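Work through the exercises below with the sequence and the model at hand. Each task is followed by a stepwise solution.

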Amino acid sequence: MDYLNWILTDCSTILKKKRLYESFFYSKQAKTLSIGDFLSLEEEESNHLTKVFRAKEGDFFQLADGRGRLFHAQLKEIQRKNHTILLKEL
């Protein structure tokens, strides 16, 4: 039975990561940034990322800048209100 619980937990984690990566987050600051830059995600998006999707440091997600650019981003540091993310690629 422990093995079954481990499999279900692992599957749940995989599905959560898939849902996180398929979701889009928005940042006004991303308009002026490029690959390799760090930025602080706004409070509302930060809360959504960590409270709803339960993202952890190191998780990947997609970030839109509102101008048609879509970044592959990584959560680098979780802070109280604003989380630091790294823009990895377009």
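**Exercise 1: Thr 84**

Thr 84 has a relative accessible area of 14% and is therefore buried, the cut-off being under 20%. The model is a predicted one.

Task: state which strand holds Thr 84, and which residues Thr 84 touches beyond four places in sequence.

Solution.
1. Thr 84 belongs to strand S5, which spans residues 83–89.
2. Beyond four places in sequence, Thr 84 touches Phe 38, Leu 39, Ser 40, Gln 74, Leu 75, Lys 76, Glu 77 and Gln 79.
3. With Gln 79 there is also a side-chain polar contact of 3.5 Å.
4. The C-alpha atoms of Thr 84 and Ser 46 lie 9.0 Å apart, at a sequence separation of 38 residues.

**Exercise 2: Ser 27**

Task: decide whether Ser 27 is buried or exposed, and locate Ser 27 among the strands.

Solution.
1. The relative accessible area of Ser 27 is 0%, so the residue is buried.
2. Ser 27 sits in the loop that links strand S1 (24–26) to strand S2 (38–41).
3. Contacts of Ser 27 beyond four places in sequence include Leu 39, Leu 41 and Leu 63.

**Exercise 3: the core**

Task: find how many residues the largest nonpolar core has, and which element gives the largest share.

Solution.
1. The largest nonpolar core has 16 residues; Leu 20, Phe 25, Leu 49, Phe 61, Leu 63, Ile 85 and Leu 87 have the most contacts inside it.
2. Two or more residues each come from S2, strand S3 (60–64), strand S4 (70–77) and S5.
3. S4 gives the largest share, three residues.
4. Leu 49 is in contact with Leu 20, Phe 25 and Phe 61, among others beyond four places in sequence.

Note on methods
Residues numbered from 1 in each chain as written. Predicted model: local features only at pLDDT ≥ 70, side-chain atom pairs only at ≥ 80, totals over all residues. Heavy atoms only, no water. Helix = DSSP H or I, 4+ residues; strand = E, 2+ residues; numbered from the N terminus. Buried < 20%, exposed > 50% of the residue type's maximum accessible area, 1.4 Å probe, protein only. Contact = heavy atoms within 4.5 Å. Polar contact = N/O pair within 3.5 Å; in protein donor to acceptor, adjacent residues only side chain to side chain. Core = buried A, V, L, I, M, F, W, Y, C linked by side-chain atoms within 4.5 Å.
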